[in-house]
Amino acid sequence: MTRSFEKVGVVGLGTMGAGIAEVFARAGLGVTGVEADPAALERGRGHLEGSTGRALAKGRLTEAERAEILGRVTFTTSLEDLADADLVIEAIPEVMDFKRALFTDLDRICKPSAVLATNTSSLSVTEIAATTARPGQVVGMHFFNPAPVMKLVEVIHTVTTEDGLAEEVAALARRLGKTPVSVGDRAGFVVNRLLLTYLNHAAVLLENGLATRDDIDAAMKLGVGLPMGPFTLLDLIGLDTSYEVLCVLFQESRDRRHAPAPILRELVTAGLLGRKTGGGFHREEEPGGPPPTAKPSVGSVAVLGEGAEELAAKLADAGFKTASAEAADVVVALSRNPVIELAAGLPRPKRLVGLHLVGDRIAEVASTALTSSEAARAVEGLVRIVGRTPVRCKDRAEFVVDALLYPYLNDAVRMYDSGYATIEDIDSAMKLGCGYPSGPFEMLDELGLETVRDGLRALYAEYREPSFAPAPLLDQLVTAGVRSIRDLP
Ligand SMILES: NC(=O)c1ccc[n+]([C@@H]2O[C@H](COP(=O)([O-])OP(=O)(O)OC[C@H]3O[C@@H](n4cnc5c(N)ncnc54)[C@H](O)[C@@H]3O)[C@@H](O)[C@H]2O)c1
């Protein structure tokens with residue numbers, strides 16, 4: 001039987017629910033919006049009127065179209081008004097007890113054929129479904145914030161979901177102009193599972209003192225081309241929400257990397273929840289840093305490693321004197337790996353600084369335990385002279401960008417290899433859900449499987465974190481000489 005979804009209910013008209021109601025109404029469906037709090041109900045109504053009003057002002061809607069959209073939505077405080085809905089989606093707070101109580105009520109009120117959906121970001125859809133007498137008709141429909149703008153919808157099926165229902169709900173999502181990805185009921189689904197693990201890793205590296213908040217943010221934004229750095233994004237998502245999602249992930253996986261970094265707990269406990277409280281990793285009243293210094297005063301520079309000639313030529317063009325490592329005031333070692341081993345062979349190891357050029361916008365400036373602050377500052381200045389942003393960090397395996405990026409890519413390979421989602425769906429989910437310029441499998445192809453595999457080996461050797469060990473599939477592909485994971489039969 002193919003269902004027809006014409007009348008839908010949206011329960012909870014907060015941040016997500018109001019936007020979801022708008023999405024359905026714009027696609028021509030009749031919507032009943034149910035909100036427990038009368039003030040929130042008025043805000044929900046205001047959201048719809050405001051949003052369609054702006055579209056009218058910009059010429060994206062005509063007066064008649066706007067009136068039609070507004071006419072399709074009814075607002076109520078009574079769940080009983082959902083008796084004839086074909087599908088009801090719930091967007092109430094992320095608390096299992098609230099969701100279970102609501103689904104028990106919806107199961108009693110809604111007609112037997114109705115599909116019940118939850119917009120939960122992290123809770124078990126299976127557990128929510130189990131409170132009803134129709135677990136076969138319960139799915140997750142995970143929209144992203146802001147719902148009218150973000151194209152992705154994760155459609156979650158459980159072991160009890162009726163055959164074919166997830167596809168029908170995915171077809172509904174397409175009718176809404178969204179791109180659905182189909183996934184099973186695993187904590188965090190695709191996006192939050194990959195994203196929050198990476199964000200938490202960034203927080204752990206910050207706590208370990210690998211680099212500062214701003215250097216890590218700059219590294220990921222300018223080095224990888226992500227829309228924003230991890231700490232800006234954590235502040236945007238909300239540290240409390242991030243903390244909760246990580247707790248749910250950890251509860252299911254028992255993977256140490258899902259255990260929220262202590263700094264998250266500390267900031268949440270202090271009430272520093274991110275943008276919504278005016279402070280999180282970033283505080284509003286912070287003064288800007290000192291302006292970058294002008295041309296550094298360096299007598300002579302030695303450049304070692306792969307690509308040394310090109311960099312030395314650029315520095316010479318900029319008026320710097322280049323010299324041998326023994327004679328130079330600053331020794332720059334271009335390297336993807338820690339440079340401390342080179343220090344032993346130098347007469348003045350405090351002048352040695354590691355440099356890793358990432359993409360064409362940043363350079364990681366690695367200080368060893370022996371590097372003097374003068375030498376590090378001088379190299380930061382040289383990096384600016386050659387048109388890059390310096391990212392200061394400690395001399396650790398894979399420095400900053402690759403230390404954060406490779407485990408994320410490894411997680412994506414493990415996710416695919418476990419049969420959880422397809423390569424295309426994982427790539428789409430990360431692009432559409434996070435605004436990433438490319439999906440993890442596209443990034444893997446671009447970087448090269450072997451480079452990433454070797455980087456993961458180095459990370460594992462340095463940090464001994466079990467999940468940094470290359471995913472067996474990645475290892476096998478490299479061993480077999482396969483260039484892209486897409487080339488698998
Ligand atoms: N905020 C996000 O970025 C985001 C993104 C994706 C998914 N989600 C998920 O969407 C859900 C809602 O999140 P939100 O941020 O919109 O929350 P919110 O707090 O902004 O809104 C929840 C609304 O539900 C109402 N409500 C509570 N209990 C109710 C009940 N029994 N009946 C009717 N209304 C009720 C509240 O009054 C409130 O207006 C959560 O499960 C969350 O995890 C949130």
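Reader: How many aromatic pairs does a search of the whole structure find?
Author: This is a predicted model, where local features need pLDDT of at least 70, side-chain atom pairs count only at pLDDT 80 or more, and totals for chains, interfaces and linings use all residues. Residues are numbered from 1 along each chain as its sequence is written, and side-chain values use heavy atoms, with hydrogens and water left out. Rings of Phe, Tyr and Trp (its six-membered ring) pair if their centres lie within 6.5 Å; planes under 30 degrees apart count as stacked, over 60 as edge-to-face and the rest as tilted. Searching the whole structure that way, the number of aromatic pairs is six.

Reader: What kind of pair do Tyr-408 and Tyr-436 make?
Author: Their ring centres sit 6.2 Å apart and the planes meet at 75°, so call the pair edge-to-face. It links distant parts of the chain, 28 residues apart: Tyr-408 is in helix α15 (residues 401-417), and Tyr-436 is in the loop between α16 (423-434) and α17 (440-447). Helices here are DSSP runs (H or I, at least four residues), strands are too (E, at least two), and both are numbered from the N terminus. Ring pairs also tie Tyr-408 and Tyr-436 into a cluster with Tyr-198, and the pair of Tyr-408 and Tyr-436 itself is edge-to-face.

Reader: Is Phe-468 buried or exposed?
Author: Buried means under 20% relative accessible area, exposed over 50%, and partly exposed in between (1.4 Å probe, protein chains only). The ring partner Tyr-463, with centres 6.1 Å apart and planes at 85°, makes an edge-to-face pair with Phe-468. Tyr-463 is at 25%, so Tyr-463 counts as partly exposed. Phe-468 is at 4%, so the word for Phe-468 is buried.

Reader: Which side chain has an N or O atom 2.9 Å from an oxygen atom of the ligand?
Author: There are 21 residues around the ligand, the closest being Met-16, Glu-35, Glu-94, Lys-99 and Asn-119; a residue is near if one of its heavy atoms lies within 4 Å. Met-16 uses a backbone N or O atom, 2.8 Å from a ligand oxygen, while the side chain of Ser-121 has an N or O atom at 3.0 Å from one. The side chain with its N or O atom at 2.9 Å belongs to Asn-119.

Reader: Which residue in β2 is the bridge partner of Val-10?
Author: Strand β1 (residues 7-11) is mostly covered, with four of its five residues buried. Five bridges join β1 to β2 (residues 30-34), and the two run parallel; strands pair if DSSP finds at least two bridges between them. Within β2, Val-10 is partnered by Gly-33.

Reader: Which are the edge strands of the open six-stranded sheet?
Author: The order is β10-β9-β11-β12-β13-β14, with mixed pairing. Inside it, β9 (residues 300-305) and β11 (residues 330-334) run parallel, joined by five bridges, with Val-301 partnered by Val-330. The strands that pair on one side only are β10 (321-322) and β14 (389-394).

Key:
A polar contact is a pair of N or O atoms within 3.5 Å; within protein, one must be able to donate a hydrogen and the other to accept it, and residues adjacent in sequence count only if both atoms are side-chain atoms.
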